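I open this notebook to record what I looked up in one structure. The entries follow the order in which I consulted it.

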Amino acid sequence: TQICAFIERTRKDDDDGPIYFGTIYLDEDSALFGLMANMYDYPHDGLNVPVSASKGIPDTLSFDVAEVYEREKEYGHSFSWLSLEELEEVQKRYSAFPKAPNVGGTYGPHQELSAVIAAMEKLRDEFLEPRLVFWFG
């Protein structure tokens, strides 16, 4: 299972709807899945509490994402989206997530998620509102 994710953006002063920015496929990672959409329920001192409950697919999608969603909606699950601020909280919690007791330490920053956050920060700096639309498939 992987996370199929799409960055979309809107202009803060424009009602034209979301515009597709890019596609990201994140490899299977149960800690990340749990934080993004409550995919797994195992205790780690409350660190795996999802940042947001699954929100479902947004009411409006960019043309590109809507096209992929129509093809994959019967195979995917846990459809949702997160804002930049929510993704930053996912990263914060993921970085503190404990590794297996026999290994010790914490996960540290998720590298692919760091790249997604950096791209979304750049969009925000350009007066755009980014979001990550995703599902598991």
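I first settled a term for helix pairs: a crossing is left-handed if the near helix is turned anticlockwise from the far one by less than a right angle, and right-handed if clockwise. I also noted that helices (H or I, at least four residues) and strands (E, at least two) are DSSP runs, numbered from the N terminus.

I noted that this is a predicted model, in which local features need pLDDT of at least 70 and side-chain atom pairs count only at pLDDT 80 or more, while totals for chains, interfaces and linings use all residues. Residues are numbered from 1 along each chain as its sequence is written, and side-chain values use heavy atoms, with hydrogens and water left out.

**Entry 1. Helix pairs**

I looked up how H1 passes H3 and found a right-handed crossing. H1 and H3 pack at an angle of about 140°, with their axes 10 Å apart; axes are lines fitted to C-alpha atoms, for helices over the stretch in contact, and angles run from 0 to 180 degrees between N-to-C directions. That angle makes H1 oblique to H3, because angles under 35 degrees count as roughly parallel, over 145 as roughly antiparallel, 65 to 115 as roughly perpendicular and the rest as oblique. On the H1 side the contact (heavy atoms within 4.5 Å) is made by Ala31, Leu32, Leu35 and Met36, and on the H3 side by Val90, Arg93 and Tyr94.

I then turned to H3 and H4, which pack at an angle of about 150° with their axes 10 Å apart. That makes H3 roughly antiparallel to H4. H3 passes H4 in a left-handed crossing. From H3, Leu84, Glu85, Leu87, Glu88, Val90 and Gln91 meet Leu113, Ser114, Val116, Ile117, Met120, Glu121 and Arg124 of H4.

How many residues of H1 are buried? Seven of its eight are, so H1 is largely enclosed by the rest of the structure; buried means under 20% relative accessible area, exposed over 50%, and partly exposed in between (1.4 Å probe, protein chains only). I list the buried residues of H1 as Ala31, Leu32, Phe33, Gly34, Leu35, Met36 and Ala37. Their cover includes E1, E2, E3, H3, H4 and E4.

**Entry 2. Nonpolar cores**

A nonpolar core is a set of buried Ala, Val, Leu, Ile, Met, Phe, Trp, Tyr and Cys residues joined through side-chain atoms within 4.5 Å. The largest one has 26 residues, and I recorded Ile3, Leu32, Met36, Leu87, Leu132 and Phe134 as those with the most contacts inside it. At least two residues of this core come from each of strand E1 (3-11), strand E2 (19-26), helix H1 (30-37), helix H3 (84-96), helix H4 (111-125) and strand E4 (128-136). H1 gives the most to this core, with six residues. Apart from this core lies another, of nine residues, which includes Cys4, Val68, Tyr69 and Trp135.

With neighbours within four places in sequence left aside, Ile3 is in contact with Ile24, Tyr25, Leu26, Leu32, Phe33, Met36, Phe134, Trp135 and Phe136.

Which residues of helix H2 (residues 63-72) are buried? I found Val65, Val68 and Tyr69. They cover an arc of only 105° around the axis, which puts them on the same side of H2; the arc is that of the directions from the helix axis to the C-beta atoms. On the other side of H2, Phe63 and Arg71 are exposed. The cover over the buried residues of H2 includes E1, E2, strand E3 (77-83) and E4.

**Entry 3. Single residues**

Ser62 and Ile19 are 43 residues apart in sequence and 5.0 Å apart in space, C-alpha to C-alpha. Neighbours within four places in sequence aside, Ser62 is in contact with Glu8, Pro18, Ile19 and Tyr20.

I next looked up Lys12, in the loop between E1 and E2. Lys12 counts as partly exposed, at 49% relative accessibility. Not counting residues up to four places away in sequence, Lys12 touches Phe127, Leu128 and Glu129.

Last, I checked Ser78, which lies in strand E3. Its phi is near 55°, a positive value in a residue other than glycine. At 23% relative accessibility, Ser78 counts as partly exposed.
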